[in-house]
Amino acid sequence: MEIRCKCHGVSGSCELKTCWRAAPEFRTIGAILKERFRDSLMVEESNQGGSNLSVREKKRRRGRKRPESILYYEKSPSFCERDVTLEVHGTVGRVCNRSSRGVDGCSSMCCGRGYNIIRRRRTDRCNCKFHWCCYVTCKNCTVDEWITVCK
C-alpha cells in the first residue's frame, strides 16, 4: 500500500490536505510480481517435514532467500506441448498473429517451433437488411483469408 494525498483550497493552495492509503497502480503490482516470479526459489520436501532449497537453487541464489520470495516445489507444466494427463492441449494448430510481439504473437505462442501460413475459406453473413416488422434477411459471403498457425 502507498500513501496518496490531495490538496484542497483555492486554486489548489493546499489549505487542507487529505491523505489515504491506496493500492499501487496495477502495472506496478504486475511488474513486482513478474520480477519475483523470475527470482522464485525451488524448494524440496524433506522426510523431516520441513522444506529446503534445492542444491541447484542454493548455488544459484547463494542464500538470498527473502521473506517476500516466491517459493515453488515442482516445475510448472509446459503449455507448449500436449499433455492429456494434465488436460493441456498445447499450441500446435493455434492461430497466432505473426506481427504481434505480445502473447498472441507467433514467436511467443508457437514456443520456437515456427508457424505455417495457410489459406482459410470461411462463410459469413453479409448484406443484412431489417424488414419491418420483424425479421432480418442476409446473404452468405465467402471470404478467403491468410492466417498463421503454430507448427
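This report walks through the disulfides, the nonpolar core and the aromatic pairing of a predicted model.

As for solvent, C5 is partly exposed at a relative accessible area of 40%, and C19 is partly exposed at 41%.

Another disulfide links C7 to C14, with S to S 2.1 Å. Here the angle about the S-S bond is -55°, and the link is left-handed. C7 counts as partly exposed at 34% relative accessibility, while C14 counts as partly exposed at 32%.

## A link between two loops

C80 belongs to the loop between β5 (71-72) and β6 (95-96), and C111 to the loop between α3 (106-109) and β7 (115-131), so the pair connects parts that are 31 residues apart in sequence. If you are checking torsions, the value about the S-S bond of C80 and C111 is about -85°, so this disulfide is left-handed. C111 counts as partly exposed, at 29% relative accessibility.

## The nonpolar core

Which residues make up the largest nonpolar core? It has five in all: C96, C106, M109, C110 and C150. In soluble globular proteins, nonpolar side chains tend to be buried together.

Leaving aside its neighbours within four places in sequence, C150 touches the core members C96, M109 and C110. The contacts of C150 also include T91, V92, G93 and R94, along with R113, G114 and Y115.

## One aromatic pair

How many aromatic pairs does a search of the whole structure find? The search turns up one. The partners are F130 and W132, arranged edge-to-face, with 6.3 Å centre to centre and 80° between the planes. The 80° angle counts as edge-to-face because the cut-off for that class is over 60 degrees.

Are these two residues buried or exposed? F130 is exposed, and W132 is exposed too.

Note on methods. Residues numbered from 1 in each chain as written. Predicted model: local features only at pLDDT ≥ 70, side-chain atom pairs only at ≥ 80, totals over all residues. Heavy atoms only, no water. Core = buried A, V, L, I, M, F, W, Y, C linked by side-chain atoms within 4.5 Å. Buried < 20%, exposed > 50% of the residue type's maximum accessible area, 1.4 Å probe, protein only. Contact = heavy atoms within 4.5 Å. Phe/Tyr/Trp six-rings, centres within 6.5 Å; stacked < 30°, edge-to-face > 60°. Disulfide = S-S within 2.5 Å. Helix = DSSP H or I, 4+ residues; strand = E, 2+ residues; numbered from the N terminus.
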